[in-house]
Amino acid sequence: MALASAGRWTDARAAVERGRGLSKRASSRRNGAFLLGECAAGEGKLEQAVRWFEAGAADVYRGQGGEALLRYGDVLSRLGRTDEARAAWGLVLERDPESVAVPVAR
């Protein structure tokens, strides 16, 4: 996330991919998919971002992840896919009701 915050999307993506290769927990693999979605969105590759966010949202680990799900909805909204965006924002409320993303998702 530090690399992404600095706009170093290629480096951030490479770090996430290395981490995903080493991860053992389902939540870490899911978070890696969400982070790859963040990287793709940051690079302006919105369709690719949607695919990564979809993979994260479909993962077996369904707890938390509110901020990533919020970003998923935001990317869908930017693509004009409003109904799908609303559904993604609804996942924030469902899966991570204590997230700081909840007020925004509402």
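## A buried ring in a predicted model

Phe34 is buried, at 4% relative accessibility (buried means under 20% relative accessible area, exposed over 50%, partly exposed in between, with a 1.4 Å probe and protein chains only). This is a predicted model, in which local features need pLDDT of at least 70 and side-chain atom pairs count only at pLDDT 80 or more, while totals for chains, interfaces and linings use all residues. Residues are numbered from 1 along each chain as its sequence is written, and side-chain values use heavy atoms, with hydrogens and water left out.

## The aromatic cluster

The structure holds two aromatic pairs. Rings of Phe, Tyr and Trp (its six-membered ring) pair if their centres lie within 6.5 Å; planes under 30 degrees apart count as stacked, over 60 as edge-to-face and the rest as tilted. Phe34 and Phe53 make a tilted pair, with 6.3 Å centre to centre and 40° between the planes. Phe34 sits in helix α3 and Phe53 in helix α4, so this pair ties together parts that are 19 residues apart in sequence. Helices are DSSP runs (H or I, at least four residues), numbered from the N terminus.

Phe53 is buried too, at 0% relative accessibility. Its ring and that of Tyr72 have centres 5.9 Å apart and planes at 25°, so they are stacked. Tyr72 belongs to helix α5 (residues 66-78). Tyr72 is buried, with a relative accessible area of 11%. Phe34, Phe53 and Tyr72 form one aromatic cluster.

## Helix α3 against α4

The axes of α3 (residues 26-42) and α4 (residues 46-58) come within 8 Å and cross at roughly 165°. Axes are lines fitted to C-alpha atoms, for helices over the stretch in contact, and angles run from 0 to 180 degrees between N-to-C directions. The two helices are therefore roughly antiparallel (over 145 degrees; under 35 is roughly parallel, 65 to 115 roughly perpendicular and the rest oblique).

Contact means heavy atoms within 4.5 Å. Among the residues making it are Arg30, Phe34 and Glu38 of α3 and Trp52 and Phe53 of α4. The contact residues divide into eleven nonpolar, three polar and two charged. Ala, Val, Leu, Ile, Met, Phe, Trp, Tyr, Cys and Pro count as nonpolar, Asp, Glu, Lys and Arg as charged, and the others, Gly among them, as polar.

## Helix α3 against α5

The axes of α3 and α5 come within 10 Å and cross at roughly 35°. Phe34, Glu38, Ala41 and Gly42 in α3 meet Ala68, Leu69, Arg71 and Val75 in α5. By class, this contact has five nonpolar, one polar and two charged residues.
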